[in-house]
Amino acid sequence: MQAWRVHRNGEPSEVMRLEETDRPTPGDGQVLIEVLAANINFPDALLCRGQYQVRPPLPFTPGVEICGRTAGGRRVLATPALPDGGFAEYVVADEAALLPAPDTLDDAEAAALHIGYQTGWFGLHRRARLRAGETLLVHAAAGGVGSAAVQLGKAAGATVIGVVGGPGKAKTATGLGCDLVVDRHSEDVVAAVKEATGGRGADVVYDPVGGDAYAKSVKCIAFEGRVIVVGFASGVIPTPALNHALVKNYSITGLHWGLYNTKDPAAVRACHDELTRLAAQGVIKPLISERVGLAGAAAAVQRVADGTSTGRIVVLPSGAAR
């Protein structure tokens, strides 16, 4: 089969190589899956760079989530077992963790429903306890993770303020349903949030960016607000001033969604049921900006790494039977 392999760490476009390799062999409790679609996530770029919290042995295949088909014909969502990730024609995954692909979504959309939307749901509902009528501030609102949070925030009845970088991404965020879009390249984020909330600030901040985004968030957080730390796409990990959190009476909450797979897998399945229901109702729908063949995967991962993409880019392996 064909698979992208990383033999040394570096930028995705430089270190990913498309190679012929053997199909992975399932171990105990695992199943072989034909890849129908593999969604690109920012962690795929971090894996290539050797900067992710998980560092698979070299060489490895990136690709942390897929929609695929089992030998029995089931269409499923899976997180492939590294080092044999999803940018390949076949993967293996733990059978107990497979989730049914929603019938209302095509392969690319289904592949993009899993990690980003699960992260959004757990962040907004389990960690932040977002309530209808509250104001939600979403950084990188036009990106893969942010776009999911925008849709889930609107579904929860929140007023959603999206922060983006550039007019093109502002248009995307508006189309996703943001009540207000702030272009950080040309507008003052703190002033815009305070003006939109009558000086109160945002009740919940969803931050997959870190760095300057976090610094601005705590300047416009409401009384008893909650900052949900999802990731550090900026490459800068903030150092919170806890005296500031004390004085302004807000919470800083971390979210590592992957832990729920081992600590509370039943919650992951319950969340998937809820996401499937929302997708069937048309309330949420992954924004797929590009669908690329397997040969285009490295360049696509680089676009995600560079922050130039909107929504999700999904790889459709050219060798996968249809």
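**Helix packing and buried residues**

Author: The buried residues of α11 are Ala267, Val268, Cys271, His272, Leu275, Leu278 and Ala279. Buried means under 20% relative accessible area, exposed over 50% and partly exposed in between, with a 1.4 Å probe and protein chains only. This is a predicted model, in which local features need pLDDT of at least 70 and side-chain atom pairs count only at pLDDT 80 or more, while totals for chains, interfaces and linings use all residues. Residues are numbered from 1 along each chain as its sequence is written, and side-chain values use heavy atoms, with hydrogens and water left out.

Reader: Within what arc do the buried residues of α11 fall, seen down its axis?

Author: An α-helix has 3.6 residues a turn, so residues three or four places apart point the same way. The arc is taken from the directions from the helix axis to the C-beta atoms. The buried residues of α11 line one face of the helix, because they fall within an arc of 140°.

Reader: Which residues are exposed on the other side of α11?

Author: Helices (H or I, at least four residues) and strands (E, at least two) are DSSP runs, numbered from the N terminus. Helix α11 covers residues 265-280. On its other side, the exposed residues are Ala266, Asp273 and Ala280.

Reader: At what angle do the axes of α4 and α11 cross?

Author: Axes are lines fitted to C-alpha atoms, for helices over the stretch in contact, and angles run from 0 to 180 degrees between N-to-C directions. Angles under 35 degrees count as roughly parallel, over 145 as roughly antiparallel, 65 to 115 as roughly perpendicular and the rest as oblique. α4 and α11 are therefore roughly perpendicular to each other. Their axes come within 10 Å and cross at roughly 100°.

Reader: Which residues of α4 and α11 make the contact?

Author: Contact means heavy atoms within 4.5 Å. On the α11 side, the contact is made by Ala267, Val268, Cys271, His272, Glu274 and Leu275. The residues of α4 that make it are Tyr117, Gln118, Trp121, Phe122 and Arg126.

Reader: How far apart are the axes of α2 and α12?

Author: Helix α2 (residues 42-49) and helix α12 (residues 297-306) are therefore roughly perpendicular to each other. The contact is made by Phe42, Asp44, Ala45 and Arg49 of α2 and Val301, Val304 and Ala305 of α12. The two helices pack at an angle of about 100°, and their axes are 8 Å apart.

Reader: Is Thr119 buried or exposed?

Author: Thr119 lies in helix α4. Leaving aside neighbours within four places in sequence, Thr119 is in contact with Tyr206, Val230, Leu255 and Trp257. With a relative accessible area of 10%, Thr119 is buried.

Reader: With which side chain does the side chain of Ser217 make a polar contact?

Author: Ser217 is in helix α8 (residues 211-217) and is buried, with a relative accessible area of 0%. A polar contact is a pair of N or O atoms within 3.5 Å; within protein, one must be able to donate a hydrogen and the other to accept it, and residues adjacent in sequence count only if both atoms are side-chain atoms. At 2.7 Å, the partner of the Ser217 side chain is the side chain of His139.

Technical notes: The expected span of a helix is 1.5 Å times one less than its number of residues.
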